[in-house]
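Dear colleague,

Please find below the structure for your review. A short account of the findings follows it.

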Amino acid sequence: MNQFAKIFALSLAVIVVMAAPAAAADGSAISFSGAFGAGLTTIGAAYGIGKLASAAVESMARQPEVAGTIQISMIIAAALIEGFTF
């Protein structure tokens, strides 16, 4: 398990443990879960688009002659990821 996964799992556990009493106090567990799900979706989409852009820039650096094709493919894929997120 890499360092990022460990930090993410620990952060997630702390958020859930700290938010459970607050959600139970006023009965807002449903709104909390919706906001939490939207946040996780946004983080996942940002991570995916970041990985996509990183790979595209790396491949453009290796093969500059096909940079235009790679850039168009990257923009289409990023738009699909963003559209799925919304």
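**Findings**

Phe8 is found in helix α1. Please note that the model is a predicted one. Phe8 is partly exposed, as its relative accessible area of 34% lies between the limits of 20% for buried and 50% for exposed.

Phe8 also belongs to a nonpolar surface patch of about 500 Å², which it makes together with Phe4, Leu40, Ile43 and Tyr47. Two helices, α1 (3–26) and α2 (29–62), each supply at least two residues of this patch. The largest contribution comes from α2, with three residues.

In general, side chains of opposite charge can pair when their charged atoms come close. Between Arg62 and Glu58, the closest N and O atoms are 3.0 Å apart; this pair counts as a salt bridge because the cut-off is 4 Å. The count for the structure comes to one salt bridge. Of the two partners, Arg62 is exposed, with a relative accessible area of 66%, whereas Glu58 is partly exposed at 42%.

As for the overall fold, the protein chain has three helices and zero strands, and follows the pattern α-α-α along the sequence. Of its 86 residues, 9% count as buried. The accessible surface of the protein chain comes to about 6400 Å², and carbon and sulfur atoms account for 73% of that area.

With kind regards

Note on methods:
Residues numbered from 1 in each chain as written. Predicted model: local features only at pLDDT ≥ 70, side-chain atom pairs only at ≥ 80, totals over all residues. Heavy atoms only, no water. Patch = residues over 30% accessible without salt bridge, like charges linked within 9 Å, V, L, I, M, F, W, Y side chains within 5 Å. Areas by Shrake-Rupley, 256 points an atom, 1.4 Å probe, with all protein chains shown as cover. Salt bridge = Lys/Arg side-chain N within 4 Å of Asp/Glu carboxyl O. Helix = DSSP H or I, 4+ residues; strand = E, 2+ residues; numbered from the N terminus. Buried < 20%, exposed > 50% of the residue type's maximum accessible area, 1.4 Å probe, protein only.
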